[in-house]
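Here are my notes for your review.

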Amino acid sequence: MPGPATSLPDSISSLDAPAEPIDSRITDMLSRWWGFDQLRPLQAEAIHSALDGRDSLVVMPTGGGKSLCYQLPPLVTETTDVVISPLVALMKDQVDSLEAIGYPAAALHSGLSSEERTRILNRLAAGELRLLFTAPERLVNTGLLDMLARVGVKRFAIDEAHCISHWGHDFRPEYRQMSLLRERFPSASLHAFTATATPRVRDDIISQLHLRNPDVLLGTFDRPNLIYRVVPRTDRITQTLHILGRHAGEASIVYCISRKETERLAARLAAEGLLARPYHAGLDPEERRKTQDAFARETIDVVVATVAFGMGIDRSDVRLVLHTALPKSLEAYQQETGRSGRDGLAAECVLLYSSADVFSWESLVRKSALESELESTQAEALIAGQIQHLHAMRRYAQATRCRHAALSEYFGQAYGSVSCGACDVCLGETESFPDSTVTAQKIVSCVARVQERFGVRHICEVLRGAKTDGITRHGHDRLSTFGLLPSLDQRAAENLVHQLLDQGMLARSSGDRPVVMLNDYSWELLRGTRSVVLQEPRAGKTRAPKADEDDWQGVDRDLFERMRKWRRHVAEARGKPAWTIFDDKSLRAIAREKPASPAALLRIKGIGEKRLADFGTAILDLVAGRSL
Ligand code: ADP
Ligand code: ZN
């Protein structure tokens, strides 16, 4: 279906025209097609680089609006541009949401029937497409490259460009094949996009893609609408249920480390009446697709996924990302939490932290490096790199300073604000354990009494005064430290020991059955020359952050829910993800403004001419209470 009428320049050469008319043309398109009133500052710069044919590297956080940077230029120049994207699901979602605004785009991927492919190739040949999405491995297919050369492709956008760097956290060897683009299309411009790039990864992207004097555009990494919390993990299931309880009926992603855990937890949540399903790379593709579709169409609320997977899950109104285990890097954390609040509305990101995860990851990292085909020095380098990433993650989880500041600084950006008002630390939710130092001394002396030969569990059982076989067998019920901490339950006690391990106040042997040991700091603690602060393991009180209250200001919640229901029907009927029909931000704006005429509807962000034509009447009816 053709898009709204636009006044387009005749050819790319008209780009030499003064900047002013181009800017107003851009603004005009932005409002007609997308219903947005202005570009974000970095988008404007990125779009100008693209229109100038200058290579660029655009680093913007998830939700920053990268897609518009490559979606808009081909409309201006009436060209077909190519987007390389690592995952089919990502491509499909984008094509769906582009079709919802009448934008001519298509994705070439392995899941197409031969008729579908032919149809796309015909549209490509006829110059009908503005964007063609494809995967990196397809580019070695010379037939496709020839075809792209024939239609005169002048611009390539490389999405998730960090996948090209093995310094990144998500290296994909097939991305390396993209160095070919420069050779085959010497006069085309290349535009790399990523949400996560430390300076080293940035340099690597530039050199691997052979970017020529690129415009490097760095966005701010901070996501002010995300509320970060780190909660000591004591009981995964109870805590998960409690946190999900704050998001009833809202889209949530729950991450676990293992496939088995995702299935167990999803089953448990479903038994509690939640609309939840597991999602991991081991499920058969059909099953995975079903879950993804159900989530996209809002027939399920909660996806329980492995951290290794999930790039394919996309929905702009995710209100909660809950990590029940530690991600393996801050890059991964930023990316996974980045899936929430993409519509700019407040969303919560909770990490259930236990340092036990650090040890599990470490042994997993070692095991998989040793099992790989790599030679030993390479394997060692890989292990060292991954452990560095892991420890940065651990430091973040343990820190008691502003989460927004910590994340920004990790990505090389100073964070201005003193208090973000949107993290557990700044909201004053973290609570220290009463008599931390005395409790720590009791724990450390118990480690000494059992002669540094036992693991965390046994030490805590002794401290709690439990009557286990192991305790009786070793005569540990006669130790002076037996029953010193009777009021703690086992999980809370273990959590405190892990906190001491984290802070380096205790050591731990390596191997399969690690034992807890003493170090210099432990002795200083015992002598009373050192003190510690432990976090209350049962903390979990939360305060409403201001961002969330603001987002709901003046919204008629009843109308909002009715519109969500309507959206679900439309999505179901069209077989499209619900958020591509309308995102939550637009729905809330409607439920706030209650527009009574088509002109008033057009003033809502996210409503352009196509959406007005498609849904205007239905929405006006809903607002006026004439339907549903
Ligand atoms: P990214 O790819 O960087 O993660 P997206 O391109 O998906 O981000 O954009 C995130 C959200 O911001 C989307 O809901 C999109 O519609 C919205 N958005 C992008 N640009 C603008 C703009 N100029 N004005 C208003 N909303 C925008
Ligand atoms: Zn903060």
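1. A definition first. Axes are lines fitted to C-alpha atoms, for helices over the stretch in contact, and angles run from 0 to 180 degrees between N-to-C directions. Please keep in mind that this is a predicted model.

2. Start with helix 17 and helix 18 (residues 456–464). Their axes come within 10 Å and cross at roughly 115 degrees. That makes helix 17 roughly perpendicular to helix 18, since 65 to 115 degrees is the range for that label. The crossing of helix 17 past helix 18 is right-handed.

3. Next, the other partner. Helix 17 spans residues 436–449 and helix 21 spans residues 520–527. The two axes come within 9 Å, with a crossing angle of roughly 120 degrees. Helix 17 and helix 21 are therefore oblique to each other. Here the crossing is left-handed.

4. Now the ligand. Which residues are the closest to ligand 1? They are Gln 43, Gly 63, Lys 66, Ser 67 and Arg 342, out of 15 residues that surround ligand 1. Helix 3 (residues 66–71) gives the most to this shell, with 3 residues. By class, the shell holds 4 nonpolar, 7 polar and 4 charged residues.

5. In the side chain of Arg 342, an N or O atom is 2.6 Å from an oxygen atom of ligand 1. The side chain of Arg 40 has an N or O atom 3.4 Å from a nitrogen atom of ligand 1. Gly 64 uses its backbone: an N or O atom there lies 3.4 Å from an oxygen atom of ligand 1. How much of ligand 1 does the protein bury? Taken alone, ligand 1 exposes 570 Å², and the protein buries 83% of that.

Conventions
Residues numbered from 1 in each chain as written. Chains lettered and ligands numbered in written order. Predicted model: local features only at pLDDT ≥ 70, side-chain atom pairs only at ≥ 80, totals over all residues. Heavy atoms only, no water. Near = heavy atom within 4 Å. Polar contact = N/O pair within 3.5 Å; in protein donor to acceptor, adjacent residues only side chain to side chain. Areas by Shrake-Rupley, 256 points an atom, 1.4 Å probe, with all protein chains shown as cover. Helix = DSSP H or I, 4+ residues; strand = E, 2+ residues; numbered from the N terminus. Nonpolar A, V, L, I, M, F, W, Y, C, P; charged D, E, K, R; others polar. Parallel < 35°, antiparallel > 145°, perpendicular 65-115°, else oblique. Left-handed = near helix turned anticlockwise from the far one by under 90°.
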